[in-house]
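The following note sets out some points for a student who is examining this model for the first time. Please keep the sequence and the structure in view while reading.

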Amino acid sequence: MRTDARGLAVAIDAVCRIQGEFTLRSGLTSSEYFDKYRFESDPVLLGRVTEAMATFLPGDTEVLGGLELGGIPIATRLSALTGLPVIFVRKEAKTYGTCKIAEGGDFAGRRVTLIEDIITTGGAVRQAAESLRELGATVNDVVCAIDRSEPGKNALHEIGLRTISVLTKADLDDARAR
């Protein structure tokens, strides 16, 4: 791991890995929890994450697509940093008003790079990519802060989507071990 990535992993792990008693999405309980919103709500740490992510953006990116909820603050900060326009991609289209799946400017016929905080199974990313493609966007890449998918479990390549991550779960675990 690069030295700058190691420092970022140490900082994120120190802020986000918390101890206590937590019920996980699976229903199991755990004495440890990774609270991703702690790095997203810290302006200094969010700045470090987005600066790192900006270096991974494909050069042909025309629009950033921030996924609800965690990808939105990252995509907004990336937009301000890079000057690229941003859209906000919902998990489901609104049932009122404009009834859109994505809010913001026009993205049809443009290359959209999806922005996500953490990828575990890639389900939300898959859904967003497919929805935007149906509406005319070209979506080939997702850039995430942390890929915590288990080896072989991130199947986004099956729909032609490349995953680019700043950090992995292994990076965070390595940072914790030091």
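1. In this predicted model, strand E6 (111-119) gives the most to the lining of the largest pocket, with four residues. Strand E2 (29-34), helix H5 (123-134) and helix H6 (169-177) are also among the elements that each supply at least two residues of that lining.

2. The volume of the largest pocket is about 1100 Å³. Its lining comprises 31 residues, and those closest to the centre are Arg25, Lys36, Ile118, Thr120 and Arg148. By residue type, the lining divides into 14 charged, ten nonpolar and seven polar residues.

3. Lys36, named above as a lining residue, also takes part in a salt bridge: its side chain meets that of Asp117 at 3.2 Å, N to O. Lys36 lies in the loop between E2 and helix H2 (37-40), while Asp117 belongs to strand E6, so the pair ties together parts that are 81 residues apart in sequence. Lys36 is partly exposed at 23% relative accessibility, whereas Asp117 is buried at 1%.

4. The structure holds 13 salt bridges. In one of them, the side chains of Arg17 and Glu32 meet at 3.1 Å, N to O. This pair links distant parts of the chain, since Arg17 is in strand E1 (residues 17-23) and Glu32 is in strand E2, 15 residues apart. Arg17 counts as buried, with 14% relative accessibility, and Glu32 is partly exposed, with 33%.

5. Arg17 has a further partner in Asp173, with the closest N and O atoms 3.1 Å apart. Here the link runs from strand E1 to helix H6, across 156 residues. Asp173 is partly exposed, its relative accessibility being 33%.

6. The cysteines deserve a separate remark. A search of the whole structure finds zero disulfides. Cys144 is buried, at 0% relative accessibility, whereas Cys99 is partly exposed, at 41%.

Key: Residues numbered from 1 in each chain as written. Predicted model: local features only at pLDDT ≥ 70, side-chain atom pairs only at ≥ 80, totals over all residues. Heavy atoms only, no water. 1 Å grid on protein atoms, 1.4 Å probe; cavity = no way out; pocket = protein on both sides within 12 Å on 5 of 7 lines; lining within 4 Å. Points joined across faces, edges and corners; volume = space filled by probe spheres on them. Nonpolar A, V, L, I, M, F, W, Y, C, P; charged D, E, K, R; others polar. Disulfide = S-S within 2.5 Å. Buried < 20%, exposed > 50% of the residue type's maximum accessible area, 1.4 Å probe, protein only. Salt bridge = Lys/Arg side-chain N within 4 Å of Asp/Glu carboxyl O.
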